[in-house]
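Work through the exercises below with the structure in view. Try each task before you read its solution.

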Amino acid sequence: MSLSTFKGGTHPYEGKELSEDKAIRELSFDGDYVFPMSQGIGAPAKPVVNVGDHVLAGQKIAEAGGFVSANVISSVSGTVKIIQPRMTTGGVAVNSVVVTSDGLFETIEGIGTERDWTCLDKETIVGIIKDAGIVGIGGAGFPTHVKLMPKNPDAIEFFIANGSECEPMLTSDYRLMLEEGEKIVEGLKICMSMFPQAKGIIGIENNKPKAIEHMKELCAHEPNIEVKELLTKYPEGGERQLINACTGRFINSSMLPADAGCIVDNVATLAAIYDAVALSTPLMQKVITVSGDAVKETANVKVRLGSSYKRILDEVGGLKEGIEDAGKYLCGGPMMGQALFDLDVPVTKPSSAICAFIHDEVSENPTTACIRCGRCVDVCPEFLVPALMQKAAAKHDLEKFEELNGMECMECGSCSYICPARRPLTQSFKEMRKLVAAQRKIKAEERKLREQQAAAAAAAAKEAEEKKEDNK
Amino acid sequence: MANLRNVSSSPHFRNKTDTKSLMLDVILAMIPATAFSVYHFGISALLIIVLTVLSCVASEYIWEKLMHKPITVMDLSAVVTGMILALNMPPEIPVWIPMLGGVFAIIVVKQLYGGIGQNFMNPALAARCFLLISFAGLMNNFSSAKIGFDALTGATPLAMARTGDITSYSLFQLFLGNIPGTLGEVSSFALIIGGIYLIVCKVISPRIPLTYLATYAVFAFIFGQHRGTYIVYEILSGGILFGAFFMATDYVTSPITVKGQYVYGILLGLLTGIFRCFGASPEGVSYAIILSNLFVPLIEKYTMPKAFGKEGK
């Protein structure tokens, strides 16, 4: 059987063996829990509690601040200590609700109540998912209820569960598939019930044979769900690459998966959907991996959202003896994760891991001149020419960057990883993409303004004309 | 601020292969050809190779020192340039000529345009052509007492083929390298081993060499003799194998786009065919490559890949 995959990509050190055999365990502690109002894509949420309020686990503490936005749910019971900007994993301060846990983890009424989802209609299901504050917890953080409301639901032919977990070091999705696979399958079925034409696909990389076997067993009596074995290659789990690997279809940056008849959700998101819809439990906890060569004990832990990374690392066992400080700490994996300069930042919905490495490969490998070897072209999963894009970026030539399809870049990092001259390709593209997006916005606004002025001038001219007529 | 941490934009892993290791692989791939040239032409070949490499490395070091630029000799690219240049020399060349070529390659062709990655022509080949023009007699003297050829009529196999004679050397002789020629080009066997090493280690892709050789074979078949042996003879003689595996694949001066690499290979094959079949001198690989180098920006411009999901738009 030939494995499904996409063209391009690379194969960095997987690092899965460090934590793949560690069963998920729950980790809760007292102290402060921080809930940023912005946890992924979309408008920030608006706090609906005040300082001093007593809140319960499962209680909504902030409401979606727009259509593309998600509620924030408290994961602990306790008192609202303060509402102020707090540092997040992204390195920026975001307005956050800080709840001091009372250590009781009291929940609101009704949590855990079983519900027969088969008799719920589509609107109710989407409503429950929206209330539960669920976003794409695989990393992107796009509000799930928005994803589940495509313009033309009948055109959805594939509902893809992303279990590829292509990011090195991460094993949280793997453990979830092994230990809570039923929830994932049920979650997928809940989603598929809203799209009568859709076929379910669970895509898993072939470096997780146990997960593939287990999910296949679970889906043995589900004729409409296929478990697809994917080639282990980064970025197999990128949305566009996964769609391509599973269905052979292509989408570009200006298209949505729905345009290709697909909806993609991470397996962890599907488990969260099951919890919300069938067990009346909003998104409060998340499995994250603790790994890296600097940590004493690797782990897969189910933590409460808002927990501090520092606290998690300490509770799990901290750093190896003899290591005073790691060379680098990451939130997420080494390919797309963010470097942390402050570990006391909260776990948010899209968080997936905390990694600590003895060596920082980036600062230990200084940049040299591009030798045009073309490796970046070979690995780019978006079929771009990173070497030339960086030339444009170095000159801040936005036009050239766009001409080279720079906006199609998905910032996967494959080019920077493979570059023998260790050039910070991805980094420069991230910056350029922001600049181009900002410029597009400005241009659109200018166009709008010009149109308004032209309309106003035309109206004034017409009025003057009419006056003239009247005067005659 | 004792607790400053390393932060940087993702990704945080780096592949083990760097510029230096790539250059080292190219050097290793040239070892069989180098060893054969020493065996075939004697210790004087080793002297030429070592001194040319030294000349290149020293030129780079001194120039960068004088210009207050970071010293890049440790990336080994100057060693590669020196080896390619030396292996392109006839065996009886006075050693100061390739050494002068090394200075030209590094300073005029490479450093004046901004150093590694910035030159638009292959430095070693540009230097070879500079020497060919400046010292035509010495550069075309392929007689060598050591290997038993008549010092007066030491014609290379390619020069013989030009007159229609492809029987003076057997194909086996050509394959092994028991023929007159430049230091590195004689043994097709050693070159193919090096080429395979580069392809297997993924240092180069087979796209350029194979397209180049295939195009040239077709050209030679149409405009030369319509015989299989002739084609094999043409491929095994002269510098085309050395050129295809080691010089046309120079990263800096070949297209970065996949389609462009095919176009480039075809262009090389055509130009080599034209020079060899219709030119004034029997050989045309070096000129074909440096001329094609000049077309690289144009080729790239018209062979940009279609972005993912933008096919047909």
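**Exercise 1.** Find how much area chain B and chain A bury between them, and which residues of chain B lose the most.

*Solution.* Buried area is the accessible area (1.4 Å probe) that two parts lose on being put together, summed over both. Here the two chains bury about 4,400 Å², 56% of it on carbon and sulfur atoms. On the chain B side, B:Phe13, B:Arg14 and B:Phe308 lose the most area, together 23% of what that side buries. This is a predicted model: local features need pLDDT of at least 70, side-chain atom pairs count only at pLDDT 80 or more, and totals for chains, interfaces and linings use all residues. Side-chain values use heavy atoms, without hydrogens and water.

**Exercise 2.** Count the salt bridges between the chains and locate one.

*Solution.* Look for a side-chain nitrogen of Lys or Arg within 4 Å of a carboxyl oxygen of Asp or Glu. The count is four. One joins A:Asp378 to B:Arg207, at 3.5 Å from N to O.

**Exercise 3.** Give the strand order of the open four-stranded sheet in chain A, then find its edges.

*Solution.* Strands are DSSP runs (E, at least two residues), and helices are runs of H or I with at least four; both are numbered from the N terminus. Two strands pair if DSSP finds at least two bridges between them. The order is S11-S10-S9-S12, with parallel pairing. Strand S11 (225–230) and strand S12 (262–266) of chain A are the edges, each pairing on one side only. Inside the sheet, S9 (158–162) of chain A pairs with S12(A) over five bridges. There A:Phe158 stands opposite A:Cys262.

Note on methods: Residues numbered from 1 in each chain as written. Chains lettered and ligands numbered in written order.
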